[in-house]
Amino acid sequence: MVPKDNDNPLTSLPSLDTLLRADPLVPILEKYGRQAATDSLRKVLGSFRELPDTIPETSSAIAETIAQHAINLLKRQERGVLQAVFNLTGTVLHTNLGRALLPESAIEAVTLVAGSTSSLEYDLSTGRRGDRERGLVERIIRLTGAEDATIVNNNAAAVLLCLNTLAKRREVPVSRGELVEIGGAFRIPDIMKSAGCRIREVGTTNRTHLQDYEEAIGPRTALLLKVHTSNYVVQGFTATVDESELAKLGRAHEVPLMTDLGSGALVNLESFGLPHEPTPMEVLRAGADLVTFSGDKLLGGPQAGLILGRRNLISKLKRNPLKRALRLDKMTLAAFDAVLKLYEDPDRLVERVPTLRHLTRSTNQIRAQADRLGPAIATALKKDWSVRVEPCQSEVGSGSLPEAKLSSYALAIRPIERRRGAVKHLADQMRALPVPILGRAHDRALLLDLRCLDDETGLTEQIQQLEDAT
Ligand SMILES: *Cc1c(COP(=O)(O)O)cnc(C)c1O
C-alpha cells in the first residue's frame with residue numbers, strides 16, 4: 001500500500017471554525033444552536049485525537065463523519081430525563097415506572113392549568129383571595145362522607161404532617177408488627193422520629209393485644225397510630241387490634257387514633273373481583289379520627305397524600321407551617337380533581353381510570369391480545385426466537401394487595417437454540433429502543449405480560465426496530 005502524503009492523520013483533522021462552516025454542519029447548527037453544536041464538535045474532535053486510526057481519509061468524509069457523530073451525541077443529550085416505556089413487567093402499579101397512569105380527563109385538566117393562568121387561589125365570586133384546596137376538599141367530603149379533609153404531596157408527607165402536628169415531643173404507641181418499611185426511603189420508625197415524636201413500641205412482631213396499647217397509654221401519649229401493613233402479611237400465630245377497639249380505647253383516654261392506610265382504594269375492590277382492601281371510609285366508620293393514603297396507588301390518580309377525618313384535627317394540620325411546605329402544585333390539584341370527578345360516576349369508573357382498567361382486565365381479553373400480537377412479534381424477531389402465548393400472573397404493585405395474583409397472559413420469548421445470556425441480551429436491546437419495552441425474565445424466557453398494554457401498534461412498531469440488532 002502506498003503511504004499517505006502525510007503519515008500523521010491528526011493533521012488532516014479540520015479546525016473547529018472550518019467545521020462550523022462546513023456544509024454537513026449547517027443543519028446541526030440550525031437545529032441545536034451554536035453553543036450545543038460547538039460543544040459536541042469539540043467532544044467528537046477530542047475522541048478522534050485519541051483514536052487517530054479512526055479518522056477517515058478524505059476531507060469530505062471527515063466532515064461527514066464528524067457531523068454524524070455530533071448528531072448522535074446531540075440526540076442522546078436531547079432525550080428527556082423521563083422516557084415513556086412499555087410496562088410489560090406484569091406489575092400494574094410499578095413504583096419505579098411512575099405508578100398510576102392518569103385518565104384522559106385528568107391529562108386535559110393538567111394541560112389546561114399548565115398553559116393558562118387559573119383561579120388557583122382566587123375566588124371568582126368575590127374577587128378576593130381563595131383557598132387552593134377548597135373545591136377539591138368539598139369533592140372529597142361529598143365522595144367519602146368524611147367530616148373534613150386536606151391534601152399534601154404524597155402519603156409520606158401526610159403521615160409526617162399528622163405526627164408532627166399532633167405528637168411532636170410526645171409519645172405515640174405503635175405495634176411492633178406495624179413498624180414497616182415501604183420501599184427503601186420510607187420507614188415508619190424513621191418518619192416518626194423525623195416528625196419529632198417518641199415511638200412507644202407495643203406488643204410483638206406477630207401478636208399485639210388491646211392490653212398492650214392500654215398499658216402504654218400515659219400522660220405523654222399524643223396519638224395512637226395504626227399502620228396498614230400493605231406490602232407484607234404476617235401469617236400463623238398472629239393477633240392485631242382493629243380500628244374499632246383501638247378507637248374505643250383512644251376515646252376512653254381522650255387520645256385520637258390515626259391510621260396510615262397506604263393504598264386507599266376509594267371503591268370496594270371486591271365488586272371488581274379483586275381481594276378486599278380496606279377503604280378510608282371503612283376506617284373512619286370504625287372510629288379512626290384521621291386516615292391517610294396515597295393518590296397514585298389504587299385510587300389511580302396523581303402522586304398526592306390525602307388526610308381525612310375530624311374537623312378540629314384537620315384545622316390543626318392546616319395551621320402547621322409544614323403544611324405550606326408540603327402543599328400540592330396546581331397541576332396535581334387539577335389532575336386530582338378530574339380523577340375524583342370520575343369517582344362520582346362509579347358505573348363507568350373502570351373503563352375511565354387506567355389503573356382500575358388494567359387491574360380488572362379479563363384474562364380472555366389479554367389472551368386475545370396476545371394471540372393477535374404473537375405472530376407479528378415472531379416475524380419481527382426472525383427465526384432465532386420462539387414466541388409463545390403463555391399464562392402468567394400479574395401483580396398489583398406499590399405494596400398494594402401483596403398477595404393478590406392476577407391471572408394474565410404473556411408473550412414468552414425464548415431463543416430457539418439455547419445460548420448463554422441470550423435472554424438478557426434481548427432484554428438489553430428492548431430497553432435500548434426509542435420507546436423501551438420492559439418485560440421480566442422467567443424460566444429462560446423474556447415474558448411480556450400484556451395486562452397493561454394499551455398501544456398494540458406502538459409495541460409492534462418498536463419490536464420491528466429490533467430487527468438489525470438481533
Ligand atoms: C405507600 C405507603 C406509604 C407511602 O406513600 P407515598 O404516597 O408513596 O408517599 C406510606 N404508608 C403506607 C402504609 C404505604 O403503603
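In what order do the four strands of the open sheet run? I looked this up first, and got β11-β12-β15-β14 with antiparallel pairing. Strands here are DSSP runs of E with at least two residues, helices are H or I runs of at least four, both numbered from the N terminus, and two strands pair if DSSP finds at least two bridges between them.

Ground rules: this is a predicted model, so I note that local features need pLDDT of at least 70 and side-chain atom pairs pLDDT 80 or more, while totals for chains, interfaces and linings use all residues. Residues count from 1 along each chain as its sequence is written, and side-chain values use heavy atoms, without hydrogens and water.

Then the ligand. I listed the residues around it (a heavy atom within 4 Å), among them R99, F186, H228 and K297. By class I get three nonpolar, six polar and three charged residues; Ala, Val, Leu, Ile, Met, Phe, Trp, Tyr, Cys and Pro are nonpolar, Asp, Glu, Lys and Arg charged, the others, Gly among them, polar.

For polar contacts (N or O pairs within 3.5 Å), I noted backbone atoms of N155 at 3.0 Å and of A156 at 2.9 Å, each from a ligand oxygen. The D260 side chain sits 2.6 Å from a ligand nitrogen.

How values were computed. A polar contact is a pair of N or O atoms within 3.5 Å; within protein, one must be able to donate a hydrogen and the other to accept it, and residues adjacent in sequence count only if both atoms are side-chain atoms.
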